[in-house]
Amino acid sequence: MWIVLGVLLAVAEIFTTTLFLIMFAVGAFAAAGAAALGAPVAVQAVVFAVVSALTVALARPTIRRHMRPSVDSGEQPFGVQALEGATALVIEQVDTERGMVKIDGELWTARPYDATQTFAPGVRVQVIKVQGATALVWQDDISSPGELPEEKR
């Protein structure tokens, strides 16, 4: 019974990726070990509870700390995270329908962060956010400081 429960919890973890259910799977496998040694059901349940609680309390925080995005941990961001805040050059007019910018030598589709803005080719803009393969861009000099997006204030 404990092995089946452990396998079910491990498979469920694959679909949730919360690093929570796997801790209970470890507890279930520990209880299966207790059952294999001939422990009564009450002792098996205690082993399950104690091992699950210990793995949640001790192992999960360490694992989550190592999985934290680089922005939260103070490390240098990389990938798409590194693009946010970068300066881009408009290659093709950027409006709500289409646009192309060059960021660090790479071409990206772009849309204005503020849908009322459009940017002509040659204009320098700042990448506020990346959604999928599209950079949401903003230009400071066409607005007053009170009109900056929340992320830039």
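**Close-up views of a predicted model**

View 1. Strands are DSSP runs of E, at least two residues long, numbered from the N terminus. Two strands pair if DSSP finds at least two bridges between them.

The model is predicted: local features need pLDDT of at least 70, side-chain atom pairs count only at pLDDT 80 or more, and totals for chains, interfaces and linings use all residues. Residues are numbered from 1 along each chain as its sequence is written, and side-chain values use heavy atoms, with hydrogens and water left out.

**View 2. Strands 1 and 2 run antiparallel.** Strand 1 spans residues 87–92 and strand 2 spans residues 100–103. Three bridges join them. Glu-92 stands opposite Met-100 in strand 2.

**View 3. Arg-98 forms a salt bridge with Asp-95.** The closest N and O atoms are 3.9 Å apart. The structure holds one salt bridge (a side-chain nitrogen of Lys or Arg within 4 Å of a carboxyl oxygen of Asp or Glu). Arg-98 is exposed, at 52% relative accessible area. Asp-95 is buried, at 13%. Buried means under 20% relative accessible area, exposed over 50%, partly exposed in between (1.4 Å probe, protein chains only).

**View 4. An unreviewed UniProt entry annotates residues 7–31 and 37–59 as "transmembrane region".** Such annotations may be inferred rather than shown by experiment. Residues 7–31 are 84% helix and 0% strand, with end C-alpha atoms 13 Å apart. Residues 37–59 are 83% helix and 0% strand, with end C-alpha atoms 25 Å apart. Helices are DSSP runs of H or I, at least four residues long.
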